[in-house]
Amino acid sequence: MHTVKAIYPGTFDPLTNGHLDLIARGAKIVDELVVAILRNSDKAAPLFTVEERQEMLTEATRDFHNVSVDTFGGLLVDFARERGAKAVLRGIRAISDYEYEFQMAMMNRKLDPELETLFMMPAEKYTYVSSRLIKGVFQLGGDVSALVPPLVVERLRSKVPSKR
Ligand code: PNS
């Protein structure tokens, strides 16, 4: 039988409703979707540990029977090959995402010509949502409850207790 497994990689610090929207869309078109959290991100110090991010994603995706959550280090193409995935799923919110995504997709294609990158767009209402903005707004006391799952709001509250 011909099945398609895809990897949805990212930092997910933290998971947003935009990520969840993309997971739901991806899970409809591939047979198996592995959400993969990068362990050794070169981004500024993360707010949540990889374990916390994995717990949040696992809980938030538990109703999807074909979605699992894992972590990876090193090259995405190596992780995809190890897991037998044919595709990488990425979200594009606005034209400003395009250049970065194009570079990554082309680099991944150079590294592994067999691995395809699939781009999907999240619901319009999440096109401005990013993990970076969520953290910034929450840390300043803003309400982000419409933009992340409730379990993420709880975790944010326990990380940044004084503001809310
Ligand atoms: O959600 P993010 O932070 O935009 O995700 C970026 C991610 C994790 C997809 C990207 O940094 C990645 O795949 N890193 C692994 C290292 C790698 O494979 N680099 C070569 C491709 S550019």
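Glutamate 52 touches Leu47, Arg155 and Lys159, leaving aside residues up to four places away in sequence; contact here means heavy atoms within 4.5 Å. Glutamate 52 lies in helix H2, where helices (H or I, at least four residues) and strands (E, at least two) are DSSP runs numbered from the N terminus. A polar atom of its side chain lies 2.8 Å from the backbone nitrogen of threonine 49. Glutamate 52 counts as buried because its relative accessibility is 19%; buried means under 20% relative accessible area, exposed over 50%, and partly exposed in between (1.4 Å probe, protein chains only).

The model is predicted, so that local features need pLDDT of at least 70 and side-chain atom pairs count only at pLDDT 80 or more, while totals for chains, interfaces and linings use all residues. Residues are numbered from 1 along each chain as its sequence is written, and side-chain values use heavy atoms, with hydrogens and water left out.

**Nonpolar cores and surface patch**

The largest nonpolar core has 34 residues, and those with the most contacts inside it are Tyr8, Ile23, Leu33, Val35, Leu57, Ile134 and Leu156. At least two residues of this core come from each of several elements, including strand S1 (5-10), helix H1 (17-29), strand S2 (32-38) and helix H2 (50-60). A second, separate core of eleven residues includes Ala36, Phe79, Val88 and Leu115. A nonpolar core is a set of buried Ala, Val, Leu, Ile, Met, Phe, Trp, Tyr and Cys residues joined through side-chain atoms within 4.5 Å. Valine 35 touches Tyr8, Phe12, Ile23, Leu57, Val67, Ser68, Val69 and Asp70, residues up to four places away in sequence not being counted.

Methionine 106 belongs to helix H4 (residues 95-111) and counts as partly exposed, at 33% relative accessibility.

**The loop between S1 and H1**

Phenylalanine 12 is found in the loop between S1 and H1, and its phi is near 50 degrees, a positive value in a residue other than glycine. This phenylalanine 12 is buried, at 3% relative accessibility. Proline 14 lies in the loop between S1 and H1, and the peptide bond that reaches proline 14 from aspartate 13 is cis, with omega near 0 degrees. Most residues other than glycine have a negative phi, and most peptide bonds are trans.

In helix H1, glycine 18 is buried at 12% relative accessibility. Glycine 18 touches Pro122 and Tyr126, not counting residues up to four places away in sequence.

**Salt bridges**

The structure holds 13 salt bridges, each a side-chain nitrogen of Lys or Arg within 4 Å of a carboxyl oxygen of Asp or Glu. Among them are the following pairs.

| Lysine 135 | Aspartate 13 | 2.8 Å |

Lysine 135 in helix H5 and aspartate 13 in the loop between S1 and H1 are 122 residues apart, and the pair links distant parts of the chain. Lysine 135 is buried with a relative accessible area of 19%, and aspartate 13 is buried at 3%. Arginine 25 and aspartate 21 both lie in helix H1, four residues apart, about one turn of the helix. Arginine 81 is partly exposed, with a relative accessible area of 48%, whereas aspartate 112 is buried at 11%. Salt bridges that share partners join Asp13, Arg53 and Lys135 into one network.

Definitions and conventions: Polar contact = N/O pair within 3.5 Å; in protein donor to acceptor, adjacent residues only side chain to side chain.
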